[in-house]
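Hi,

Here is the structure I promised to send over. Have a look at it first, and then read on for what I found.

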Amino acid sequence: MSETKKSVVEEIVNKAKIAELSDEEKELIALEKQSKELEVQLKQQQLEAAKLEQEERKFHIKDLKARLAERELTEKQRANDLAQRAAGFRQEEANDKFRWNFCTHKKGGNVSPTDMKVLHFGGNKEQYAVLKHMMINGDIWVLCLRCGKTWKPPVETSFFFDEKGQNCAPQDGKFDKVKFEKAQFEYMQAVNFNTNNSMSASVQCRFTTFDPQSGKNVDATDVYRENVRDTTLR
Ligand SMILES: [Zn+2]
């Protein structure tokens with residue numbers, strides 16, 4: 001039997017069957033048909049929702065990419081700023097060192113509108129153009145009023161250098177005894193600079209710390225010096 005004939009026959013049989021069905025059974029069949037239609041509708045809706053979700057994800061990824069790109073730009077900008085600031089700082093440091101080297105730290109000298117060198121490189125009188133200040137722990141710090149250099153008791157932890165000769169933290173390098181002693185010598189010289197400027201002083205305090213080994217308070221001047229090692233009078 002061909003397919004068409006078969007389906008026609010089936011249809012007749014079905015119709016006959018339907019005719020034989022009770023009202024209740026007919027209703028059941030109608031309900032089933034309805035439920036199948038609903039199922040198809042639901043699946044279509046689900047498919048639609050899935051498509052929309054995918055679309056949404058695409059936009060989300062696009063947004064995310066845009067935000068990441070923006071952040072990358074900000075970070076690059078920040079790194080740039082930092083590098084520029086570091087370069088500025090190094091330049092300033094180099095200028096300071098240059099002035100400190102050439103300054104006589106002395107009073108006197110002539111200043112003219114065309115030549116103000118004396119203000120930054122010192123004069124030629126006997127007296128030194130320095131201020132001496134006694135810090136809270138009794139240390140004397142000396143400030144050159146011309147070049148701005150500050151002398152203070154050197155702290156050992158500032159004299160560690162790495163293989164490239166760069167100043168570094170104690171755990172990353174070696175202690176340079178020669179440089180440390182040179183700084184100590186220069187500091188003593190500065191304390192003895194002859195000046196008629198009077199010395200100023202802070203309130204004087206003793207710094208102590210509790211030593212658990214001896215159970216006593218011991219001198220903590222080193223701790224104080226350590227804390228102010230990067231400070232100057234300028
Ligand atoms: Zn000076």
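The radius of gyration of the protein is 44 Å, whereas a compact globule of 234 residues would have one near 17 Å. Please keep in mind that this is a predicted model. Along the principal axes, the C-alpha atoms fill a box of roughly 135 × 65 × 35 Å. Buried residues make up 9% of the 234 residues. Of the contacts with a separation of 6 or more, 46% are between residues 24 or more positions apart.

On to the secondary structure: there are five helices and eight strands. Read from the N terminus, the order is α-α-α-β-β-β-β-β-α-β-β-β-α.

Four of the strands form an open sheet with mixed pairing, in the order S3-S2-S1-S6. Strands S3 (150–151) and S6 (200–201) are at its edges; each has a single partner strand, so one side of each is left without a neighbour in the sheet. Within this sheet, S1 (residues 130–134) pairs with S2 (residues 140–144) in the antiparallel sense, over five bridges. If you want a pair to click on there, Leu131 has Leu143 in S2 as its bridge partner.

One residue I would point you to is His105, in the loop between helix H2 (23–102) and helix H3 (117–121). Most residues other than glycine have a negative phi, but His105 has a positive one, near 60°. Is His105 buried or exposed? His105 counts as buried, because it has 22 C-beta neighbours inside 10 Å and the cut-off is 20 or more.

Best wishes

Methods: Residues are numbered from 1 along each chain as its sequence is written. This is a predicted model: local features need pLDDT of at least 70, side-chain atom pairs count only at pLDDT 80 or more; totals for chains, interfaces and linings use all residues. Helices (H or I, at least four residues) and strands (E, at least two) are DSSP runs, numbered from the N terminus. A residue is buried if 20 or more other C-beta atoms lie within 10 Å of its own, exposed if 12 or fewer, and partly exposed in between; C-beta atoms are placed from the backbone. The radius of gyration is taken over C-alpha atoms; the globule rule is 2.2 Å times the number of residues to the power 0.38. Two residues are in contact if their C-beta atoms, placed from the backbone, lie within 7 Å. Two strands pair if DSSP finds at least two bridges between them.
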